[in-house]
Amino acid sequence: MSSKKDNQILLILSIIERGKAKAYMDMLSQKNIFFNMQTVGAGTASSEMMDILGLGSNDKDIIISYAPRKCVEVLATDLTNDLGSSKGFGGLLMILSTSAMSKLTAEVMIQRTGEIDSKGDSNAMKSEYQHSLIMINVNPGYTDKVMHTAKKAGATGGTVIRARKASTEKTGDLSDINIQDEKEIITILAPDTIRNQIMEDINKEFGMRSEAKGIVCSVPVDKAFKI
């Protein structure tokens, strides 16, 4: 019988080499992870760093997945044990906890996965080091400058996603700030020991009162794997 903890829905953010999304999602489906959404982005690491990390192309497929904890633990166990089927995608996988979700949505996900072999090891989800995913939303053209500031504070690289502001309405205290419709979202995985410094340095140079009109936030990451 599944426990309430087993049925907790987790979010998986995967940033992989462009063109490998289909094979990657096929691998996830074999582990009963079926609810996936795909977009694209570009890595910010230098070519030299990409070669050192073995991450290949700078172009990235970004996969956002939701799955019950029991399924994620099976995936984490395979990654911890370095199983080949979960490797070779040229990127990074991050597991994040969700604080709430629609009851019906969660029930559909749990029913779809059904009863699975509980070979997953909960210890594989435990992280010796605490990390956070920093997200910086800025006007176009500031990615390189933001990453330069982030790297001075200890960041090693990130991924940029092009986006558009969903609403043109002006609200509250932001009515005097000209926010462009086109935006760039920079994501950086960083240890918590340097997270605050990275965020403070970026906000100081590229915050809402600057031309970049940056918004900086972070979310905790339960576990991260090279894939």
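Which strands and which helix do the buried residues of helix 5 pack against? The buried residues of helix 5 (143–152) pack against strand 5 (131–138), strand 6, strand 7 and helix 6 (192–206). Contact here means heavy atoms within 4.5 Å, and buried means under 20% relative accessible area, with exposed over 50% and partly exposed in between (1.4 Å probe, protein chains only).

## Basis of the report

This is a predicted model, in which local features need pLDDT of at least 70 and side-chain atom pairs count only at pLDDT 80 or more, whereas totals for chains, interfaces and linings use all residues. Residues are numbered from 1 along each chain as its sequence is written, and side-chain values use heavy atoms, with hydrogens and water left out.

## Overall composition

The secondary structure of the protein comes to 6 helices and 9 strands. Helices (H or I, at least four residues) and strands (E, at least two) are DSSP runs, numbered from the N terminus.

Of the 227 residues in the protein, buried residues make up 41%. Among contacts between residues at least 6 apart in sequence, 83% join residues at least 24 apart.

## The sheet

Strands of a sheet pair through backbone hydrogen bonds, either parallel or antiparallel. In this model, an open sheet of 9 strands shows antiparallel pairing and has the order 8-5-7-6-2-3-1-4-9. Strand 8 (215–221) and strand 9 (223–226) are the edge strands, each pairing on one side only. From one strand to the next, the twist averages 25°. Two strands count as paired if DSSP finds at least two bridges between them.

One of the pairings joins strand 2 (residues 35–43) to strand 6 (residues 159–164), in the antiparallel sense and over 2 bridges. In this pairing, A42 stands opposite V160 in strand 6.

## Helix 3 across the sheet

Helix 3 (residues 69–80) lies across strand 1 (9–17), strand 3 (59–68), strand 4 (92–97) and strand 9. Helix 3 runs at about 130° to strand 3. For such angles, axes are lines fitted to C-alpha atoms, for helices over the stretch in contact, and angles run from 0 to 180 degrees between N-to-C directions.

## The two sides of helix 5

An α-helix has 3.6 residues a turn, so residues three or four places apart point the same way. In helix 5, the residues T143, V146, M147, T149 and A150 are buried. They cover an arc of only 160° around the axis, which puts them on the same side of helix 5; the arc is that of the directions from the helix axis to the C-beta atoms. On the other side of helix 5, D144, K145 and K152 are exposed.

Just after helix 5, G154 takes a positive phi of about 120°.

## Salt bridges

Side chains of opposite charge can pair when their charged atoms come close. A salt bridge is a side-chain nitrogen of Lys or Arg within 4 Å of a carboxyl oxygen of Asp or Glu, and a search of the whole structure finds 7 salt bridges. In one of them, the side chains of D78 and K31 meet at 2.5 Å, N to O. D78 lies in helix 3 and K31 in the loop between helix 1 (21–30) and strand 2, so the pair ties together parts that are 47 residues apart in sequence. D78 is buried, at a relative accessible area of 4%, and K31 is buried too, at 10%.

E73 forms a salt bridge with R69, the closest N and O atoms being 4.0 Å apart. These two residues are 4 residues apart in helix 3, and therefore about one helical turn separates them. Both E73 and R69 are buried. A further salt bridge links E184 and R162, with the closest N and O atoms 3.6 Å apart. Because E184 lies in strand 7 (residues 182–191) and R162 in strand 6, the pair ties together parts that are 22 residues apart in sequence. E184 is buried at 7% relative accessibility, whereas R162 is exposed at 57%.

## Cysteines and positive phi values

The count of disulfides, each a pair of cysteine sulfur atoms within 2.5 Å, comes to 0. C71 is buried, with a relative accessible area of 0%, while C217 is partly exposed, with 35%.

N32, a residue other than glycine, has a positive phi near 65°. N32 lies in the loop between helix 1 and strand 2 and is partly exposed at 21% relative accessibility. K213 is likewise not a glycine and has a positive phi of about 50°. K213 lies in the loop between helix 6 and strand 8 and is buried, with a relative accessible area of 12%.
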